[in-house]
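Morning, everyone. Please have a look at the sequence and the structure, and then I'll walk you through a few features.

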Number of protein chains: 2
Amino acid sequence: MNSAPQTHLSVPQSSTQIVPIALDEGQRGYDILIGSGLLDAESSWQGLPKAAAALIVSNETVAPLYQERLWAQLQAHYARVDAVQLPDGEQYKDWASLNRVFDHLLASASDRKTVLFALGGGVIGDMTGFAASIYMRGVPFVQVPTTLLAQVDSSVGGKTAINHPLGKNMLGAFYQPARVIADLDTLDSLPQRELSAGLAEVIKYGPIADASFLDWIEVNLEALLARDKAALAYAVKRCCEIKAWVVGQDEREQGLRAILNFGHTFGHAIETGLGYGEWLHGEAVGCGMVMASALSVRLGLMPEEFLPRMRRLIERAGLPVTGPKLGVERYLELMRVDKKSEGGAIRFVLIEGLGRAGMHAAPDDWVGQVLDAHCA
Amino acid sequence: MNSAPQTHLSVPQSSTQIVPIALDEGQRGYDILIGSGLLDAESSWQGLPKAAAALIVSNETVAPLYQERLWAQLQAHYARVDAVQLPDGEQYKDWASLNRVFDHLLASASDRKTVLFALGGGVIGDMTGFAASIYMRGVPFVQVPTTLLAQVDSSVGGKTAINHPLGKNMLGAFYQPARVIADLDTLDSLPQRELSAGLAEVIKYGPIADASFLDWIEVNLEALLARDKAALAYAVKRCCEIKAWVVGQDEREQGLRAILNFGHTFGHAIETGLGYGEWLHGEAVGCGMVMASALSVRLGLMPEEFLPRMRRLIERAGLPVTGPKLGVERYLELMRVDKKSEGGAIRFVLIEGLGRAGMHAAPDDWVGQVLDAHCA
């Protein structure tokens, strides 16, 4: 694997940044706008697909905070602007919630040019994107992520999905937004627990792709936790760049792209095992990264000091580093239905060197030892 | 619009025919196999995507007839072959039925290489294709159409969908099969009513794209109704060729492709208005083509004799030529949620000359006159 462009330790000044995302032939690329004040800036909303109607999809937590301002901007571009609010939480990322979007679209006879706007976190982004991909076999959509996790992780890659009672993100589509508008000011309203959850995905990009970004996070973690705009702008931009670089080489997750799932195999098992909504996705990923770091060491891929380094950083970010005691058998059973599994064999994303990751199988009893050591 | 390759009136000998389907860049093309004895021919099943498991999706009517034979063939290629049966009928083309496929896939921990086989008519093909497109964001699938309608119409174009209570085929995806195996022998078990329904889609290709194919159908309709294999082979092949030619120029239905929906705007209104499953899809399309032909004449696009010619052929094929009395207002309301509508304006596919079609708006009162004249 070639290395991603390098990170520098200094923090540049905050201003609107644009990360252009190129896609495979036959698909139009799009821009990620990152900065302060974007929600109220007219320029953010110009040049989007033309249509008679727009639908804002949000949830009952985010809508009261930002929907009116988004509505005011969209009314300049669409003759009809509607909104639908879904219940808030991973446990509602299901078909029943998705169907509320379709009920609304069809009851208002919305045509196949209608543009959907996802206003919220990763759950809203995933559901709105999936709804857009299948409504009339595809309408345009725009991401307006209001959580750190959604800004760093859902903005690139076109993965959309809902959960099934038997597995997380099992039903979905690869579908690209027309634009992503990541207004950093919306992070001011984020509960600290959600900020920490977002930092899990930020931290992830260091060990898998950029050792110097890992250094940068360690130096700047306090600024990120204090919501310093310049630090956030840099972190969001750098994560989007790295993810775009990875995805650009493997849009359909045939190989390299799977490294973005570092910590996610253990993490998804925690989420599914506890029931969606108990732990935040980022919390499960944070704890999952501790386990995957431990397994990387157990397989001799990384030196012993890598594990305490990762655990310390994840803990400093306000994330859990000890998993729930579901039992080793239950963990293994849950991980076998992971999308990366093949023919029943679990495949883990493990760190092979700082800034480099790959897929590995591991003996069940070694995985069990890791789980025993990191669950309580 | 350029004209499609021309049809000759003679019927060639029956043997296995292959229609190769080329797709846009970045997608692999696939073959449509058309002939007798294909289900039991080993060669039909060679060279498909490799996987640990295959799942046959069928319904309670078709499975007892052909599932065992398909199973026997697939066992040579997949370590595990499972089957799931859905209830039979358009009224079950919904999320609840689709979810039975996902329940089965997830309960058996089927991975993202699992190949789905659609064994049945258009409903099974549409649902299996849609399930394949969203399960783990996409697994391969193979069409094994057992109705004339599915063989001529679902084999090309990659349209998959389920119905929503407020509209037909409203949720779906463009997703291509790895192969289509159209065994003409399976048409022997088809009820006559279903054969007629399939003929509606066959007839459609004449007026929209190939005047000489319309002549051919008029000459060979008795042979088709008697299930003459050579006539069926030619009709299926010719329809697939024409559809591939249309779709190849417009895979995402931005323009030309919409002509394949001749008769479908009226037809979908009949289906939705009566409740899915009352009329067969092909019956509604047959009657819808009479109405669309009448509207083509009403708008001065076609000479008066075109309407009785179409009506006579559709009637000879065993299809209804008079629509249900839903009331003009109800028809208009139903047609306004059609996927081709834009900003609330209904757009009809009308015939502009024998073998040539295009999209047209029409005054509500003219549409009302057509409905009054063709409903009872």
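The C-alpha centres of domain 1 of chain A and domain 2 of chain A lie 26 Å apart. The bounds are 17-189 for domain 1 and 192-374 for domain 2; they come from an automatic or database domain assignment.

Some ground rules. This is a predicted model: local features need pLDDT of at least 70, side-chain atom pairs count only at pLDDT 80 or more, and totals for chains, interfaces and linings use all residues. Residues are numbered from 1 along each chain as its sequence is written, with chains lettered from A and ligands numbered from 1 in the order in which they are written.

Back to the domains. In chain A, 32 residues of domain 1 are in contact with 30 residues of domain 2. Contact here means that the C-beta atoms, placed from the backbone, lie within 7 Å. Which element gives the largest share of the domain 1 side? That is α4(A), with five residues. Helices (H or I, at least four residues) and strands (E, at least two) are DSSP runs, numbered from the N terminus.

Now the two chains. A rotation of 180° with 0.0 Å of shift along its axis superposes chain B on chain A, RMSD 0.0 Å. That is the relation of a two-fold axis.

How many residues does each chain put into the contact? Chain B gives 34 and chain A gives 34. On the chain B side, β8(B) gives the most, six residues. And 100% of the interface residues of chain B are also interface residues in chain A, so the copies meet through the same surface.

Last stop: helix α10 of chain A, residues 306-316. Its buried residues are L307(A), M310(A), R311(A), L313(A) and I314(A). Buried means 20 or more other C-beta atoms within 10 Å of the residue's own, exposed means 12 or fewer, and partly exposed is in between, with C-beta atoms placed from the backbone. Seen down the axis of α10(A), the buried residues fall within an arc of 165°, so they line one face of the helix. That arc is taken from the directions from the helix axis to the C-beta atoms.

What do they pack against? The partners are α5, α6 and α9 of chain A. P308(A) and R312(A) are exposed, on the face turned away from the buried side of α10(A). Just after α10(A), G318(A) takes a positive phi of about 90°.

Notes
Least-squares fit on C-alpha atoms with pLDDT ≥ 70 in both. Contact = placed C-beta atoms within 7 Å.
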